[in-house]
Amino acid sequence: MEQVSLELTVGPVAHGGWCVARHEGRVVFVRHALPGERVIADVTEETTRFLRADAVEILEPSPDRVVPPCPYAGPGRCGGCDWQHATPEAQRRLKAQVVAEQLHRLAGIDREILVEEVPGAKDGLGWRTRVQFAALPTGELGFRRHRSHEIEVVDACLIAHPEVEAVGVEAHEWPGAAGVEVIASSAGDRAVVVSPRPRRSVTVPELEAPASILLDQGKGRTVPRRGSGVLHEQAGDREFRVAGSGFWQVHPGAAETLLDAVLAYAAPEPGEWALDLYCGVGLFAAGLAETVGPEGAVFGLESEASAVRDARANLRDLPQARVERGRVEEALDRFQIERADLVVVDPPRSGLGREVVERITGLDASRIVYVSCDPATFARDLKWLAERGYALADLRAFDAFPMTHHVECVGLLVRT
């Protein structure tokens with residue numbers, strides 16, 4: 001496509017790290033811009049309905065604009081961060097506007113949103129405790145450019161936690177690797193998970209700091225090549241084991257922050273019967289089980305086999321908690337779950353979907369706590385939940401992913 005440049009006046013923020021502008025009646029989604037700016041933008045993609053573009057020259061800057069701290073941020077460079085050109089305070093306001101807009105447009109809910117800072121990310125940097133690098137055929141590591149398979153080679157990542165950077169994987173070549181993930185757990189463990197290229201063996205270099213080396217076998221399975229295949233994470237006064245590259249919140253303050261928010265909304269009482277759906281390694285199930293006590297019960301569902309094994313180990317001191325493997329769509333019926341006092345759901349980015357909404361609203365729970373990492377699917381599901389008799393009573397939003405467009409929401413729904 002021949003390069004086309006446009007002069008644009010930038011309008012409101014849109015979900016996904018974009019701002020919206022218009023040119024000759026067509027919508028233009030612009031990256032690397034801020035609302036209210038006048039920019040020169042290079043068109044990067046054209047569809048029948050809209051254009052995508054990168055702001056390459058700022059004619060009239062926003063007062064919220066800053067120089068991106070990372071040298072790899074900007075048009076055509078690393079695609080990992082969306083808002084390095086905005087102050088952390090402005091980033092949270094932009095995310096709040098996105099959540100409010102999605103709620104209004106998709107769920108018909110008008111609500112003022114405040115996105116709260118999560119402790120442990122000074123100036124929005126140094127927070128990411130799990131970082132996935134892509135590897136060139138030569139073995140150099142970097143990150144994919146936005147909407148591209150091309151790799152931007154880096155020598156450091158500013159949003160990576162210092163304990164991730166201490167391993168120094170970017171300083172070496174990784175022959176035979178397709179990707180390298182570095183994990184620095186809150187309990188002090190380090191691991192490097194290597195994804196090999198098909199029919200290739202991987203050469204692991206000497207690293208700057210001790211770390212277990214795990215080989216990724218696909219479908220969430222890893223095998224230790226050196227050291228342990230298990231990491232440990234801390235939330236509150238409990239320790240959780242997480243096998244290999246299993247799911248755990250990447251912001252060092254997120255797990256405890258979300259746990260506190262979920263328990264405050266769920267308000268479990270001794271003796272109650274609680275469900276924790278998409279329970280992962282048991283973070284919320286543990287908090288619920290401690291509160292409902294031996295006379296209560298918690299039933300967790302998780303589809304990943306390794307997470308189920310971890311959850312059972314993490315909850316072994318809480319006999320009132322039980323975790324089974326299965327997809328929520330079918331497992332509630334398989335295990336004959338017909339009622340609950342309260343339900344906690346933490347689905348993937350795709351959200352619950354109508355089938356799960358219909359199933360959980362039939363459990364006669366007095367409250368549902370919904371943890372979401374995507375405001376669009378969250379708002380869509382809220383509309384369906386409302387149609388089934390559950391209204392949004394309260395909502396908190398957290399900046400668990402500074403410098404990116406991602407935002408974590410926790411909503412309380414009650415029976416109407």
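The points below are grouped by topic.

The model is predicted: local features need pLDDT of at least 70, side-chain atom pairs count only at pLDDT 80 or more, and totals for chains, interfaces and linings use all residues. Residues are numbered from 1 along each chain as its sequence is written, and side-chain values use heavy atoms, with hydrogens and water left out.

**Aromatic pairs**

- Eight aromatic pairs are found in a search of the whole structure; rings of Phe, Tyr and Trp (its six-membered ring) pair if their centres lie within 6.5 Å, and planes under 30 degrees apart count as stacked, over 60 as edge-to-face and the rest as tilted.
- The ring centres of Phe29 and Phe50 are 5.2 Å apart with planes at 85°, so this pair is edge-to-face.
- Because Phe29 lies in strand E4 (residues 26-31) and Phe50 in strand E6 (residues 50-60), the pair ties together parts that are 21 residues apart in sequence; strands (E, at least two residues) and helices (H or I, at least four) are DSSP runs, numbered from the N terminus.
- Phe29 is partly exposed, at a relative accessible area of 21%, whereas Phe50 is buried, at 11% (buried means under 20% relative accessible area, exposed over 50%, partly exposed in between, with a 1.4 Å probe and protein chains only).
- Together with Trp18, Phe29 and Phe50 form one aromatic cluster.
- The charged end of Arg31 sits over the ring of Trp18, 5.9 Å from its centre (NZ of Lys or CZ of Arg within 6 Å of the ring centre and within 35 degrees of the ring normal).

**Threonine 361**

- Thr361 is located in the loop between helix H7 (354-360) and strand E21 (367-372).
- Thr361 is buried, with a relative accessible area of 10%.
- Its side chain makes a polar contact of 3.1 Å with the side chain of Arg388 (a pair of N or O atoms within 3.5 Å; within protein, one must be able to donate a hydrogen and the other to accept it, and residues adjacent in sequence count only if both atoms are side-chain atoms).

**Nonpolar cores**

- The largest nonpolar core has 40 residues, and Leu103, Leu275, Leu277, Val343, Ile360, Leu382 and Leu385 touch the most other members; such a core is a set of buried Ala, Val, Leu, Ile, Met, Phe, Trp, Tyr and Cys residues joined through side-chain atoms within 4.5 Å.
- Helix H8 (residues 375-387) supplies the largest share of this core, five residues.
- Another core, of 37 residues, lies apart from it and includes Val118, Ala255, Tyr265 and Leu315.
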